[in-house]
Amino acid sequence: MSQQEFVFLEGEYVDAKTASIPVRTHAFLYGTSVFEGIRAYYNAEDDSMFIFRMKEHYERISRSARIMCMEMKYSIEELCDITIELLKKNNYKTDAYIRPTIFKKAQKVGPGLYDNPDGVLIFTCPLGDYIDLTKGLSVCVSSWRRLEDNAIPPRAKVSGGYANAALIVTDAKRAGFDDAIVLSENGHVTEGSAMNLFLVENGKLITTKTTDNILVGVTRNTIIELAKEELGIETIQRDIDRTELYIADEAFYCGTGAQVSPITKIDNRPLGNGEVGPIAKKIQSLYFDVVRGKVEKYRKWCTPVK
Ligand SMILES: Cc1ncc(COP(=O)(O)O)c(C=O)c1O
């Protein structure tokens, strides 16, 4: 990128090329930071950009921070304002990704979260669809297990916890799959490597409960609401057995990164007729209209960058 790019680091907008943190920073040594991934969607027709459900993402980071004994230096409103300002400065003419991070910044050895002040970093970058959303994904069930609430709570988006996702996605890709669905220690389905999972059975959506060792996704909650309000489709939140994956009519992933990504094969077994299912397609299309600010009723979720 030729134009100068900024990041927000410790209260200042600084050049992305030179922004740095010291090598002994606690978050780097122990994975003690919490973060969010937020998308901003660019509309070339009217040169507008909307940030999707920014407030909900900052509400989640404040919950993650609370779990990790971190203090929020800025209010949610302030973080939203900083993010808008940063995107204005970076002036992308394409879809973008926003990565806010609150990190433990003591220069000390030893994992403790006490005597350990908190830093704030927000960076942004251009980001399109990194998963092919038109063809269905072929995924497997991972041999790794999901983190547990009593180990590294998946409900908190803690950077150190993403070693779990890294192992899961790496082994899945090396085995020729697009991603993997992860089971909990008790053998139930949780979610994908870094996205939530929905199944379709008899015209209804099924997803895991918020207490099933998942990150409670902003996209997940969006889909539950849109499916009910706009398509009259109910979502059942319950335990899911592994073998239910193989007999579902349809399945799809959802998340800020994954958006709505249909799955057509699990452990080499085709779902339904092996094509992208009609409900996944409908939800995907509605989701993209909503995030791009095309549906008036849901403009409340889209913050304009202006
Ligand atoms: C582990 C995990 N699950 C689910 C999600 C989906 O969450 P959201 O829809 O809030 O992006 C993410 C992040 O994108 C994630 O990292």
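Helix H2, strand E6 (96-104), helix H4 (162-174), helix H5 and strand E14 (250-255) each hand at least two residues to the lining of the largest pocket. Helices (H or I, at least four residues) and strands (E, at least two) are DSSP runs numbered from the N terminus. This is a predicted model, in which local features need pLDDT of at least 70 and side-chain atom pairs count only at pLDDT 80 or more, while totals for chains, interfaces and linings use all residues. Residues are numbered from 1 along each chain as its sequence is written, and side-chain values use heavy atoms, with hydrogens and water left out.

The largest pocket has a volume of about 710 Å³. Its lining counts 41 residues, and Lys157, Tyr162, Ser193, Ala194 and Met195 are the closest to its centre. Sorted by class, that lining splits into 20 nonpolar, 11 polar and 10 charged residues. A pocket here is an open set of points on a 1 Å grid over the protein atoms alone, with protein on both sides within 12 Å along at least five of seven lines; a cavity is a set where a 1.4 Å probe fits but cannot get out, and lining residues have an atom within 4 Å of a point. Grid points are joined across faces, edges and corners, and a volume is the space filled by probe spheres set on them.

So what's in the pocket? The ligand sits in the largest one, which means that more than half of its atoms lie within 2 Å of the pocket's grid points. The ligand is surrounded by 15 residues (a heavy atom within 4 Å), with Tyr162, Glu191, Val218, Thr219 and Thr256 the closest. H2 (54-67) and H5 (218-231) each supply at least two residues of this shell. By class, the shell has 5 nonpolar, 6 polar and 4 charged residues; Ala, Val, Leu, Ile, Met, Phe, Trp, Tyr, Cys and Pro count as nonpolar, Asp, Glu, Lys and Arg as charged, and the others, Gly among them, as polar.

The largest cavity has a volume of about 50 Å³, and its lining includes Val218, Thr219 and Thr256. Strand E4 (38-43) and H5 each give two or more residues to that lining.
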